[in-house]
Amino acid sequence: MATVEGTVPIKEPVKHNEKLIITASSLGTVFEWYDFYLYGLLTAIIAAKFLTGLNPTTSFIMALLVFAAGFIVRPFGALVFGRVGDMVGRRYTFIVTLLVMGLSTFLVGCLPTYETVGVAAPIMLVVLRMFQGLALGGEYGGAATYVAEHAPDGKRGLYTSWIQITATAGLAMALLIVILVRSPVTGVGEEAFKDWGWRVPYLLSGLFLFVGLWLRLKLHESPVFQKMKDEGTSSKRPLTEAFGEWKNLRIVLIAFFGAIAGQAVVWYTGQLYAMYFLEKMLKVDGLTSNILIIIALACATPFFLFFGWLSDKIGRKKIILTGCALAALTMFPTFHMLAEAANPALVHAQENAPVKVMANPEECSSQFDPVGGNKFDTTSCDIVKNALAKAAVNYENVAASAGTIAAIQIGEKTFTAPDPAKVTGDDKKAAIAAFTAQVVGAPAAADKPAVVGELSKVGYPAKANPDEINKPLVVAILFYLVLLVTMVYGPIAAMLVELFPSRIRYTSMSLPYHIGNGWLGGLLPAIGFAMVAANGDIYYGFWYPVVVAAATCIFGLIFLPETYERKIDD
């Protein structure tokens, strides 16, 4: 024990094996991300099990919003656990967050469905998602800070890039387990997976919780925090210091607008929104989408380490902002190319028989109904758009004058919707069903044969043909999107640690990170698909990440400082 005359004795920091530090911190965080992203992978099934009774478009968007509930509360978790981490310690805090996350995820696998307990089912699901979000809000800052405070100068970007891998690794782990469970090889298969097999990946989180806790309990406190604690210099009011003093709040705002906002939308577009786009808009089956994405993730994941290492050599700022700039410039052409590679028949049909909706804009709603009460049958425009939304068809809006009955033009043919003012009750219901069958088609019923809709006649596929998917090109495009993710995400943990003083580091970096990734990023799928439902253009949702990434690039160039040569043990 070292002493200085006239001071309190200072303990020598505990020496740690670097591999144990990185493994225990990273693996625990992998398990937390696995837990968190299971819901994202199973959104369609969750919608069917817990949101019964809503129309398909609303059900899917509501399922995404339940997914986003975990993201919405992440900043509050950052405030709660960030304060604890700066006052009590890094190690203690991320042991608690792992425990809360693991138990919440395990319990999702035990929940009754809507069919069993009614509206109580989605309420319980939302509550557990919120606990997951609170836990994740405290996890990332703790793990990143803990690893960075053990890293030697000149290797901080490389060391913390292992934490950056964890989000993608957790997603890949969740994908792999979902693929294995739903595969016929395991004896479960797709139908049984949709019925009960979806619970298995959630229940496995109990095992991962045990392993993660066992590893983290082996760790001691970080040397930087231990030194502050021994010297009595740790913060007594981290929230006030971080956000109540302009010199620190200014850094928080610069970090958010100059780096985190762009990083968040690039991350969630490149990994999660791309997956939803493949399944929902391009109609690639779920198993194929999962396999293609996991291959791309496996190929691109090492670049987290590469860009973390590179940021130690040339700086964090230029790598992060280059990734944001590339995303803003290439997002639209990249997803157009993805559509051509994944479902060429769909692209061909859109080019040769474009769909137009001719209606009075004043009569058109957004096709989003969070409470499930709107049947979208009170105006002719809603009837038209509801039919197309169910089929996930790309269309162009053509404004018509007031009083015009809405119509759909498919290639050279035009189909006029029923006029709700002239038909009511069962007659209206029958007229809408007949109109929808004309346009979209209808399955065979007990007393009626199947109807082939005009969309099918002109080449719009109900599903992507597996034989026509250019799988190598799809993987290459997905690889590029994840590569952008590695550029913006690989160096950012080191940058955030270096931006803030050690006494309020956990709190200061956690809140802007989780507002960006929890709100701007986590809400991106729901907002993107709501934009598509309202506009009709399947690419319209990409304006959101493009604008945010471009704004971050401009703001960061002006205000964001370079940090890679800073000391962090102040």
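Helices (H or I, at least four residues) and strands (E, at least two) are DSSP runs, numbered from the N terminus. The structure is a predicted model, in which local features need pLDDT of at least 70, side-chain atom pairs count only at pLDDT 80 or more, and totals for chains, interfaces and linings use all residues. Residues are numbered from 1 along each chain as its sequence is written, and side-chain values use heavy atoms, with hydrogens and water left out.

The pLDDT, the predictor's confidence in each residue on a scale from 0 to 100, averages 84 over the chain, and 91% of the residues score at least 70. Residues 1-11 have a pLDDT below 50, and this stretch has 13 contacts in the model beyond near neighbours in sequence, a contact being heavy atoms within 4.5 Å. Where pLDDT is low, the predicted coordinates should not be read in detail.

Ser-289 is placed in helix H15. With a relative accessible area of 0%, Ser-289 is buried; buried means under 20% relative accessible area, exposed over 50%, and partly exposed in between, with a 1.4 Å probe and protein chains only. Leaving aside residues up to four places away in sequence, Ser-289 touches Leu-278, Glu-279 and Val-284. The loop between H14 and H15 contains Lys-283, which is buried at 14% relative accessibility. Phi of Lys-283 has a positive value, near 65 degrees, in a residue other than glycine. Most residues other than glycine have a negative phi.

On a 1 Å grid over the protein atoms alone, a cavity is a set of points where a 1.4 Å probe fits but cannot get out, and lining residues have an atom within 4 Å of a point. Grid points are joined across faces, edges and corners, and a volume is the space filled by probe spheres set on the points. The count comes to one cavity of 30 Å³ or more, and the largest cavity holds about 40 Å³ of space. Its lining consists of Gly-270, Gln-271, Ile-293, Ala-296, Leu-297, Leu-478 and Val-482. At least two lining residues come from each of helix H14 (246-281), helix H15 (286-300) and helix H22 (471-489), and H15 gives the largest share, three residues. By class, the lining of the largest cavity has five nonpolar, two polar and no charged residues; Ala, Val, Leu, Ile, Met, Phe, Trp, Tyr, Cys and Pro count as nonpolar, Asp, Glu, Lys and Arg as charged, and the others, Gly among them, as polar.

The whole structure has one disulfide, defined as a pair of cysteine sulfur atoms within 2.5 Å. Cys-364 is joined to Cys-381, with 1.9 Å from S to S. The pair links distant parts of the chain, 17 residues apart: Cys-364 is in the loop between strand E1 (355-359) and helix H19 (380-390), and Cys-381 is in helix H19. The link of Cys-364 and Cys-381 is right-handed, with 105 degrees about the S-S bond. Cys-364 is partly exposed at 23%, whereas Cys-381 is buried at 0%. Cys-324 is in no disulfide, and the nearest cysteine sulfur, that of Cys-553, is 6.4 Å away. Cys-324 is buried, with 0% relative accessibility.

Thr-414 lies in strand E4 (residues 413-416) and is partly exposed, with a relative accessible area of 46%. Between Thr-414 and Lys-356 there are 9.2 Å in space, C-alpha to C-alpha, although they are 58 residues apart in sequence. Not counting residues up to four places away in sequence, Thr-414 touches Met-358, Ala-407, Ile-408 and Gln-409.

Note on methods
On a 1 Å grid over the protein atoms alone, a cavity is a set of points where a 1.4 Å probe fits but cannot get out, and a pocket is an open set with protein on both sides within 12 Å along at least five of seven lines; lining residues have an atom within 4 Å of a point.
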